Every structure is written in structure tokens, then in C-alpha cells.
Amino acid sequence: MEALLATNVSKRYAQHTALDKVSITIPEKTIFGLLGPNGAGKTTLIRIINQIINRDEGEIIIFGEKLKPSHVEQIGYLPEERGLYKKMKVGDQLLYLAQLKGLSRKEALARIKVWLEKFEIKDWWNKKVEDLSKGMAQKVQFISTVLHEPKLIILDEPFSGFDPVNAQLVTEKILELKANGSTIIFSTHRMETVESLCDHIALINKSKKILEGAKKQVKEQYRSNTFIVEHRGNHFTLPAEKYELKKQVTIEDGLHASTIQTKGGIKGNQLIRELIDLTEVFSFQEQLPSMADIFVSLVKNESSESLKKHLQEV
Amino acid sequence: MNKVWLIIQREFLIRVKKKSFLIATIVVPLIIPAVIGGLIYIMMKEAESAKPDTVMVVDESGQFSLDSTKNTKRFHFVALPMKLDQAKKAYNETKDFALLYVPVFDLNKPDGLVIYTQENPSIEKISDLESILEERVRDLKLQEFKIDKEVLKNLKTSINLKQINLTDTGEEKSSNSGILYGMGFALGIMIYIFVLVYGIQIMQGVIDEKTSKVVEVIVSSVKPFQLMLGKIVGIAAVGVLQFLIWIVLISFLSTGVLGYFGLKMPQKQMMEEVSKKIKDEDVKQAVQQQQVQSNVKINELLKNASEIPFAKIAFVFVFYFLGGYLLYGALFAAVGSAVESMQESQQFQFPITLPLLIGYLGLFMFILRDPHGPVSFWLSIIPFTSPVAMVGRIAFDVPGWQLALSMLMLVGGFIFTTWIAGRIYRVGILMTGTKVNWKVMVKWFMLRE
């Protein structure tokens, strides 16, 4: 079952269209990367899913049900612009936010204790938020997002404001939540996060979805049959009608790395076969486009054709 | 609904737990009995010190028989049968208030009267003394013109109008404009202040939530309208609690203060003190007479007061208190949602509170002067002015249908403003970095859900 199924969702304002018939499928128990430049419409989509604003058109189905008010209790939302009540104590604040998400007071108290322990901040209960550092407040806010054990967690730039140690801690918690059956939506610009954590991605640009799919498939979709070979000795020539040597660098004395693109749908295996006769191969690897490459070129050029061209030129 | 209750609780508790709430709630009731106590204390002191000042008189004209018959509450005159120079010396050896020198003078042009004092006397005392002298000169003139003093006294008449309202049923109701005026005045002002003070608290709360960005988290759990409503009701609860504590404390402490001074009306007490000190029979009689008169007045006042329907007024007051607060509270919430700082809110605050100010001014200009005139009528019917106007007017016996209409209009009024405010609020709280003006707010209001 899909955690979320959006079909042709649109949102228009007087002067501009924030979302234009966006359809997205988010499989259950995955980490889904919602990518796109600033102002593309990501936040609008997230707010629509959170029912903070209403869509003008389209349908949203969450865990098999049409989006309805009671769904807010199954969703945890960490907005990009973090915010807590400054004058409220950490414990009271978490209790209040958890109760607003439908937890009973007793249940909330028990869970807050567990989470404060997980983050090793048990003694913060009576601290006011205004006395916390930015990173400390971020931890509290992260806890408030997941306290009610939401089935769908929406994290907008979850790692901003965290130092590497805490970012690692949060990453662990996110993976834990995923293992426990939650579906997680990341809205982010940080491509390393996408590369390492996301299973699926969607790219939104200028109010439209321009790319969607499993990360691996997306990468394969944009593969350019380019391979990187490390080899000893560079005195060989490949048949020019089948291969193009795009680049050759010397790694150390006698050891070279060549970037080779095949032509006419020739597979990597055939290239290896031919190379083995010509030189001593140390490693062989397909050069897949990075998410950053795909992101940048798609946003710049918008059409997939030009993307392929762009990637081939790299 | 459960969630609105949570919001109400939070808004209520964070404010009630604040030190500033505690201070305001305790200090204000202390101030009022302290002021009452202070005033009574000063009155009593004054009554004590009201023993007459001694004025020595050197009368060369022989026309001022300012002897004991001329003594008043304030001055005790002692004639010195000696020359001025001697008198000055004699005066300097006493601690008396003053030495009055009256030379031979022309009745039509009394000149050359001098007063010698050891300290700088107050203007009030000097003018009192002057009026005594003027009166004496007048008496002398009356003698000269052969007009009897008694005849003149008879010409002077004092009339005290007793006011009676004829109700529709022909029933007579005596009323006292003074009490009604005072009540209307006090109640009207209380509503005005309450609405402004707590309205601004709503606005401040909304601005805080918006600028701290916590609002986005909250509205991912509850509807913006629920958040707005919870805030308004929660702050209302703070106001009502504070108000109740004030009433209890003030009445308790005031009773205590009055009890300390012997539970007597201060005026009566003063009279008694004064009459005890004055030996002169005439004066004593006059004072007693006045006292009897004032007792009658006080009794009448109390009797009239008991005829004022306090239960009805209290109910009406609470109703308009909450109605007015809800009506304006919603508008304050809308403004708070649109702006990003208290400073920025200034430009909107005045326009939205203008009707309230009109009601407040109308209270003085029309309602208290002419409670049943057309302007007073409309001010107390229109929901934007009625919270101040009707409460000011209610003591003057408003016809039932007018009260019902006004209440209905007020309920409709706050539902209307809450609806408008809710539509602006839901957009405003998520908008940052926009230059907001009235046009923008109208646009937000028009936006689809």
C-alpha cells in the first residue's frame, strides 16, 4: 500500500500557480526525497498534506483513505522554519504539542521521558526554550515531531542547525523510525542526504513535478553508458566506432583511470572483455549520474533530453 | 473541541502563572482601599485641625465688632484694645494665626486693612477672611440703608429637587441621577479599559506565535480558527478571573478599611467632630441642623440605591463585558496575524478601536446627559459601540425591547467579526515578509478556503 497518493493536486493564488497538477506516489516504509529549488512549491505541497492549507484540485489518499482532518494525528511535521514557545518549559511544551496531536496526557508523559533519555537530555524538562541553544531547541522540536508515533513523518530540511554529531544521532533515529514502519518524507536541498538516505525521490520545479521514481531507477534512467576503468599501461586503442575515450588521468606511476563511453547500446561486459585483452584492469565501475547532477541539470534545462546531453558532456 | 480546550488551558495557565499577573491582581485591589483609606484619613485629619484660627483685631474704626458673635468655624476673633505697635508686639509673643488691622475707613471705599501673619497663610484662608470682612461691610451698609437683616435672610431660598421617574405603568420610582451617573460612568470605563487591555494581549499572543514560527507546528494539529478561538477564550478567562479576584479583594479590603475607621460615613463623622469642638450654641445648632439634613440625604441616597436593580445591572455588565471583548478580541487577533511586531500593529490598532472610542466619548457627550435621546439609543444598539454605551445607559432603566435588540445585535456582531477575523487570520499567520495594508487584508479575506 502507498503511504501517500497524490493525484493532480493544484493550488493557485491570484498571481501565480503554486502547484500545477502534481501527482506523487510515496510507497510505505520508505524514505522519500521531495526535491526542488526554492519556491518550486514543495512547502505548498507539504502544507496541503498537513491540511494547513487546502488544495484547489486533485485528490490525496493517505494509507488508503481520503485525506481528512483526523489524519493530522498520523502525521508528524517538522517545518523548515523551526519554532517553539520561547517562554514555555521543554517538558510542558512537548506535553502540549503531543496532546494536540491526540495523545493522552499520561501516554505523552511516558513517551517524553523515553525520548528525552534517547537524546540524553533528561535534565532539560524544566528549562525554558529561550535558554536553549539553537541545536538544543532543534532536538526538542524533532522529539515533538515524532512523539505521537506518526505513520507519516514530514521533515523539512531536518539536518539544518545540527552539528555533525547530532546530525548522525538524528539520522540514526530516522532510520529507526523507518525500521519501525514509518514513512518519511524529506524535503531538502542537501544532495548527500538524498544520496545516502532516500529510497525514492520526486523533483518539483516551477510548480510542476518533473521527475519521480526510485532513486536507483532514476539514476539508471539517466545513465549514459559511461564507465571508469583503472588500468596499468595506456598503450591501447579501442575501436572508435564502438567506444569513445572521454578522459584519461594518471593516478600514479603507470596507473591510469579512463572514462569510456560505449556507443550503440554496447554493455559494460563487452567493454571489459575487450579491455582485458588490451591492458591490465584493476577496477571497473559504471559512472552513474549523482543526484546533484540530475537536480542541477533538470532544474536548469527542464527537459530530460537536454539532461542526457548535459550528462554526456560531463 | 478537545483540542480547543487544550489551547484555552494553555493560554490561561501561562498568563495566570506569570508574575505580572500576580502583581497586577494583588496590587490593584490594594490601591483602591488604600486610596479610600487615605482619603478618609485626610478628611479626619482636616476635621481635627478644623479648630478655628485665632485672629487678633485692632479696630481703630470701631465699626468692626468682630467679637465672638462673628466667630466662624474657621476663625476666632479677639479684639485688642490697644495701638497697632503694641498689638504687633503682643501678637509676636503669641502663636496666633494673624493680626488684623482695621483703620478708620470709608464704607464705600474700604481701604488700608492689613493682615499681619507669622507664616505665609494659604490663599484660601485669606479669601475666607476677606469674605467675612466683605460680609461685615455689607451688614454695615444694610444698617445704613435701614434694611433688616431678617428680611434679607428670608429672601434667600434653598430648593432641593426630588426626582421621580414615572414608568409606563404609572408607578412612581424615585431615582438619583448622581448614583446612576456614577455607575454608568464607572461601568462604561471599565468595559472600555478591559476590552483594550485584553484585546492587546490577544494581539501580542498572536504576534508572538507568528514571529516564533511555532504557529506552523500548531496549525498542523489544529485548524487556525480553533487556535484563534482558543486564544481568545483563554485570555477572556484570565480577565474574568482577575476581575473576580479584584471584586472580592476590593470589597473585602474596603470593608476592612471602613471598619477600621468605625464604619461611619466620613461626612457624618466630620460633622460630629466639628460640633464637639465648637462651644458656641448657635453654631452648634446650625451644624446639627445641617447634620440632620445630611443624614436625611444619606438615607434617601441609600434608599434610592436599594431601588437600583443591581442583579440586572451585574448581568448586563457581564454580558457586554464578554460580548465586547469577543467582538474586538477577534479583530485584534486578525491584526496580530497580519503584522510581525507590535510597532507594525499601531497603524491598524487605531482604526479597529475607533468605534469603541466613539462609544466611550458618546458615554460622556450623550448617554450620561441624555440617556434616552436618539444618539444614546443608537450608540447602545450598534454592536461596536454598545458594550460601552449600553452598560453606561443600563442604570437609567432601558426599555426591555431595546436591551434585547442590543444584546442580539452584539451576539450577531461578534459572530460576524470572528468570521471576518478567522478568514484573515488563517492566511495571515503563515505570511511573513509581506507588506501588509488594508487592501492586502481584504485580499486574504477573499481567498478561498
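This is a predicted model: local features need pLDDT of at least 70, side-chain atom pairs count only at pLDDT 80 or more; totals for chains, interfaces and linings use all residues.
Residues are numbered from 1 along each chain as its sequence is written, while chains are lettered from A and ligands numbered from 1 in the order in which they are written.

**Chain A**

Chain A is divided into domain 1 (2–219) and domain 2 (224–286), with bounds that come from an automatic or database domain assignment. Taken over C-alpha atoms, the centres of domain 1 of chain A and domain 2 of chain A are separated by 44 Å.

Chain A also holds an open sheet of 6 strands with mixed pairing, in the order β6-β7-β8-β3-β9-β10. Helices (H or I, at least four residues) and strands (E, at least two) are DSSP runs, numbered from the N terminus, and two strands pair if DSSP finds at least two bridges between them. The edge strands, β6 and β10 of chain A, each pair on one side only. Within the sheet, strands β7 and β8 of chain A run parallel and are joined by 5 bridges, and Ile153(A) stands opposite Ile184(A) in β8(A).

| Strand | Residues |
|---|---|
| β6 of chain A | residues 75–78 |
| β7 of chain A | residues 152–156 |
| β8 of chain A | residues 183–187 |
| β10 of chain A | residues 208–214 |

**Between the chains**

Two residues are in contact if their C-beta atoms, placed from the backbone, lie within 7 Å. By this rule, 18 residues of chain A are in contact with 15 residues of chain B, and helix α2 (residues 90–100) of chain A gives the most to the side of chain A that touches chain B, with 4 residues.

**Chain B**

Chain B has 16 helices and 6 strands, and of its 449 residues 30% count as buried. A residue is buried if 20 or more other C-beta atoms lie within 10 Å of its own, exposed if 12 or fewer, and partly exposed in between, with C-beta atoms placed from the backbone.

Val58(B), which has its place in strand β1 (residues 53–59) of chain B, counts as buried because it has 24 C-beta neighbours inside 10 Å. Not counting residues up to four places away in sequence, Val58(B) touches several residues, including Leu80(B), Met82(B) and Tyr101(B). In contrast, the C-alpha atoms of Val58(B) and Ile14(B), 44 residues apart along the chain, are separated by 75 Å.
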